[in-house]
Amino acid sequence: MKKAVLIVNPSSGNEEAQEYEKLVKEKLTDIFNEVEVQHTRDTGDATKFANQAVKDKVDSVFAMGGDGTVNEVISGLAEQEYRPKFGFFPLGTVNDLARSLNISMEPEEAIAELDLARRIALDIGKVNENYFMNIVAVGGIPEAISDVEVEEKTKFGKLAYFTSGFKQVLKDESYHFELEIEGEKRTIESSAVVIALTQTIGGYGHIVPEARPDDGKMYLIYLKNQNVLEMVKSVPDIIKGIDHSTDYIGYQPFTEGSLSVKEEVDLHPSVDGDEGPGLPLCFKILPQHLEIYVGPQKK
């Protein structure tokens, strides 16, 4: 018997999950012999439910929620000896992974378009003992963005992130980071260092145009800013897409590395939009690690 587990965050997307859960269950019931639904209540519940699905050796695990819920489910499946296939229906504010996999931002459309024959082997990033599927960001700007309250995200969407980040820009604060990328060490001064897996960052597409969800690479991006003016000058490079280093942006694909900060500061990176572990950080890629259902190719 083919069994699926559906993990739902009832509070995601201004509580839209409750509205669409019935549609998802109907869709999955048409495909699988058994569908089990689990609702999250606390942080870590989605990981716990995914771990149990691994032990039960179910065929597929599905998530309904925002990036945090998807990250938790992936964290429960990553590096397990048996890994169920994975799918998700995006709610929430950003949904970078969904955008990179051509999964519709309209829940009803995403549900209708689910096709078990359409899937790829997805890369997963690992930072210390945590996992990520989109981005790790370190510095004053990322820290300000990760501090955006849930109520602000719900009310203002991506604008809430932009406003919080812009306020931090005006503070003109940068740090000296020590990087080791593919065994080569360097020191950089920057207000923001980003490790990306997908083309889309913060809901804005094609920021990293060469990134593919199954290419076995992470992408280092950092601002070379020394002042607010140079930070502003980096914006055109970001908007047109980053595929090489410029006067204002540093860029490098890689598979393994580490990052620390020289200053005595308590920086906490943003991992897929939520607060991650403290520095120093060690990164590695888990290439083509998880079979994931994707949306139809865009015409």
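Q: Which residues make up the covered face of strand β13 (residues 256-261), and which the uncovered one?
A: The covered face of β13 holds Gly257, Leu259 and Val261, while Glu256, Ser258 and Ser260 form the uncovered one. A strand here is a DSSP run of E with at least two residues, a helix is a run of H or I with at least four, and both are numbered from the N terminus. The model is predicted, with local features needing pLDDT of at least 70 and side-chain atom pairs counting only at pLDDT 80 or more, whereas totals for chains, interfaces and linings use all residues. Residues are numbered from 1 along each chain as its sequence is written, and side-chain values use heavy atoms, leaving out hydrogens and water.

Q: What makes β13 a partner of strand β8 (residues 175-181)?
A: Two strands pair if DSSP finds at least two bridges between them, and 5 bridges join β8 to β13, which run antiparallel. One example is Phe177, whose bridge partner in β13 is Val261. β13 is also joined by 4 bridges to strand β16 (residues 281-293), again antiparallel, and there Glu256 stands opposite Lys284.

Q: Which strands form the edges of the open sheet of 6 strands?
A: The order of this sheet is β12-β11-β10-β7-β14-β15, with antiparallel pairing. β12 and β15 (274-275) are its edge strands, since each pairs on one side only.

Q: Why is the pair of Tyr219 and Tyr251 called stacked?
A: Rings of Phe, Tyr and Trp (its six-membered ring) pair if their centres lie within 6.5 Å, and planes under 30 degrees apart count as stacked, over 60 as edge-to-face and the rest as tilted. The centres of Tyr219 and Tyr251 are 6.2 Å apart and their planes stand at 25°, so the pair is stacked. Tyr219 lies in β11 (residues 218-223) and Tyr251 in β12, 32 residues apart, so that the pair links distant parts of the chain.

Q: Why does Tyr248 count as partly exposed?
A: Buried means under 20% relative accessible area and exposed over 50%, with partly exposed in between (1.4 Å probe, protein chains only). Tyr248 has 23% relative accessibility and therefore counts as partly exposed. Its place is in the loop between α11 (235-240) and β12 (249-254), and its C-alpha atom is separated by 5.0 Å from that of Lys224, 24 residues apart along the chain.

Q: Why is helix α4 (residues 67-77) said to be largely enclosed?
A: 10 of its 11 residues are buried, so α4 is largely enclosed by the rest of the structure. The buried residues include Asp67, Asn71, Val73 and Leu77. Just after α4, Glu79 takes a positive phi of about 60°.

Q: Which residues touch the most other members of the largest nonpolar core?
A: A nonpolar core is a set of buried Ala, Val, Leu, Ile, Met, Phe, Trp, Tyr and Cys residues joined through side-chain atoms within 4.5 Å. In the largest, of 47 residues, Phe62, Met64, Val73, Ile74, Phe86, Phe88 and Leu97 touch the most other members. A second, separate core of 23 residues includes Tyr175, Leu267, Leu281 and Ile285.
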